[in-house]
Amino acid sequence: MNQSEKFIGILGIGTYVPEKIMTNLDFEKIVDTSDEWITTRTGIKERRIASAEEATSDLATKAALKALENAKTSPDEIDLIIVNTATPDMLFPSSACLVQENIKAKNAAAFDLSAGCTGFVYGLVTGVQFIKTGLYKKVLVIGADALSKIVDFTDRNTCVLFGDGAGAVVLGETEQGYGILGADLNSDGSGGEYLKIAGGGSRNPATIETLNNKLHYLYMNGPEVFKFAVKAMGDTSLRALKKSNLTVNDVSWFIPHQANTRIISAAAKRLKIPMEQVVINLDKYGNTSAATIPLALEEALNDGKIKNDDILVFVGFGAGLTWGACVVKWRSLC
């Protein structure tokens, strides 16, 4: 994505996580695992769990309202809502349409985007294009997932990894030289078998058999995803930087998808980025899929880490397989 006369950036950000906290010690009571095992292998200490009444659109709505307030933007000003999620409330209507109704964004088009944990990066790049072409002026991009609804809490290899949350940003024109400078998106469907929910779609419609075989739960081949993720995150980050006419030496903060500290540290080492410049908060939230990057971004902002003119790299990987990166020159939010 090349620079043009229009520079598109983040005008406001908001996040939301459910109140319920589930710790590693809680998991010790329901599966054969331990706090030491989980912490050593993933870096996760606790995660947020949505209530029985909370669905993805509820999480997304709360994050969206905060982002609008932060951007000093009314719902009427939003032209498009993109909800990036692997856990929509239902197959249709889209969660984006549900959010549109919830926040009363009566002038907005709305659709869901499915790119797994890379969803937020995909959504950012998609939103930027709508504004660059002149079709829309302001786009609400939301990463939201309620992964606790689709994990098997008897499978210790997956249930300890995931949490629920949402993050939203308002995109719009910003000052020259700021905003999203470049991006890189990728996919490889041959790796689709490594991370999937096989049941409930047109291939395997919901039946007693699919339920008994637990096909409605998330399946992940951990070792294959790990190998893929380390290389993918490094390669896509370098390509996005090159498209932005920048190098790794220009990076102020590396904000990766929060899946596993070993993956993050290996990717940072591959890029020769010091861990002091890597934003990590998965110890508190686990893997919230499309919500991890905005959750990490807002926390870094609130901690005062990110300054005006900083170069940020957002990078994600997930089901599809998909992966991608986005380079941002930060302009402080007013």
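Me: Leaving aside neighbours within four places in sequence, which residues is Val-313 in contact with?
Reply: This is a predicted model, by the way. Val-313 sits in strand β12, residues 311–318. Setting aside its neighbours within four places in sequence, the residues in contact with Val-313 are Ser-237, Leu-241, Val-251, Trp-253, Phe-254, Ile-255, Cys-326 and Val-327.

Me: Is Val-313 buried or exposed?
Reply: The relative accessibility of Val-313 comes out at 1%. Buried means under 20%, so Val-313 counts as buried.

Me: What separates the C-alpha atoms of Val-313 and Ala-240?
Reply: Along the chain, Val-313 and Ala-240 are 73 residues apart.

Me: How are α8 and α9 placed: parallel, antiparallel, perpendicular or oblique to each other?
Reply: Helix α8 covers residues 222–243 and helix α9 covers residues 261–271. Their axes are 9 Å apart, and the packing angle is about 40°. Angles under 35 degrees would count as roughly parallel, and 65 to 115 as roughly perpendicular. The two helices, α8 and α9, are therefore oblique.

Me: Which residues of α9 does α8 meet?
Reply: The crossing of these two helices, α8 and α9, is right-handed. On the α8 side you'll find Phe-226, Ala-229, Val-230, Lys-231, Met-233, Gly-234, Asp-235, Ser-237 and Leu-238. Their partners in α9 are Arg-262, Ile-263, Ile-264, Ala-266, Ala-267, Arg-270 and Leu-271.

Me: How many charged residues does the contact of α8 with α9 have?
Reply: Sorted by class, the contact of α8 with α9 has 10 nonpolar and 2 polar residues. The charged ones number 4.

Me: What about α3 and α4, and at what angle do they pack?
Reply: Helix α3 spans residues 56–70, and helix α4 spans residues 95–103. Their axes are 9 Å apart, with an angle of about 50°. That makes α3 oblique to α4, and the crossing is right-handed. The angle asked for is about 50°.

Me: How many nonpolar residues does the contact of α3 with α4 have?
Reply: From α3, the contact uses Ser-57, Ala-60, Thr-61, Ala-64, Leu-65 and Leu-68. From α4 come Ser-95, Leu-98, Val-99, Asn-102 and Ile-103. By class, the contact of α3 with α4 has no charged residues and 4 polar ones, and the nonpolar count is 7.

Me: With which side chain does the side chain of Asp-152 make a polar contact?
Reply: Look in the loop between β6 (139–146) and α6 (156–159), where Asp-152 has its place. Asp-152 counts as buried, at 9% relative accessibility. Not counting residues up to four places away in sequence, Asp-152 touches Thr-158, Cys-159, Lys-214 and Tyr-217. Its polar contact, at 2.7 Å, is with the side chain of Thr-154.

Me: Which residue does a cis peptide bond join to Phe-92?
Reply: Omega for this bond is about 5°.

Me: What phi does Asn-245 have?
Reply: Asn-245 lies in the loop between α8 and β11 (253–256). With a relative accessible area of 68%, Asn-245 is exposed. Although Asn-245 is not a glycine, its phi is positive, about 60°.

Me: Lys-272 has a positive phi too, so what is its relative accessible area?
Reply: Lys-272 is found in the loop between α9 and α10 (282–285). Its phi is about 60°, although Lys-272 is not a glycine. Lys-272 is exposed, and its relative accessible area is 73%.

Me: Which residues does Gly-9 touch, not counting those up to four places away in sequence?
Reply: Gly-9 belongs to strand β1, residues 8–16. Its relative accessible area is 2%, so Gly-9 is buried. With residues up to four places away in sequence not counted, Gly-9 touches Val-170, Leu-171, Gly-172, Thr-174, Gly-179 and Ile-180.

Me: What is the relative accessible area of Leu-171?
Reply: Leu-171 has its place in strand β7, residues 164–173. Lys-137 is 34 residues away from Leu-171 in sequence and 8.2 Å away in space, C-alpha to C-alpha. Leu-171 is buried, with a relative accessible area of 0%.

Conventions:
Residues numbered from 1 in each chain as written. Predicted model: local features only at pLDDT ≥ 70, side-chain atom pairs only at ≥ 80, totals over all residues. Heavy atoms only, no water. Axes fitted to C-alpha atoms, helices over the stretch in contact; angles between N-to-C directions. Helix = DSSP H or I, 4+ residues; strand = E, 2+ residues; numbered from the N terminus. Parallel < 35°, antiparallel > 145°, perpendicular 65-115°, else oblique. Left-handed = near helix turned anticlockwise from the far one by under 90°. Contact = heavy atoms within 4.5 Å. Nonpolar A, V, L, I, M, F, W, Y, C, P; charged D, E, K, R; others polar. Buried < 20%, exposed > 50% of the residue type's maximum accessible area, 1.4 Å probe, protein only. Polar contact = N/O pair within 3.5 Å; in protein donor to acceptor, adjacent residues only side chain to side chain.
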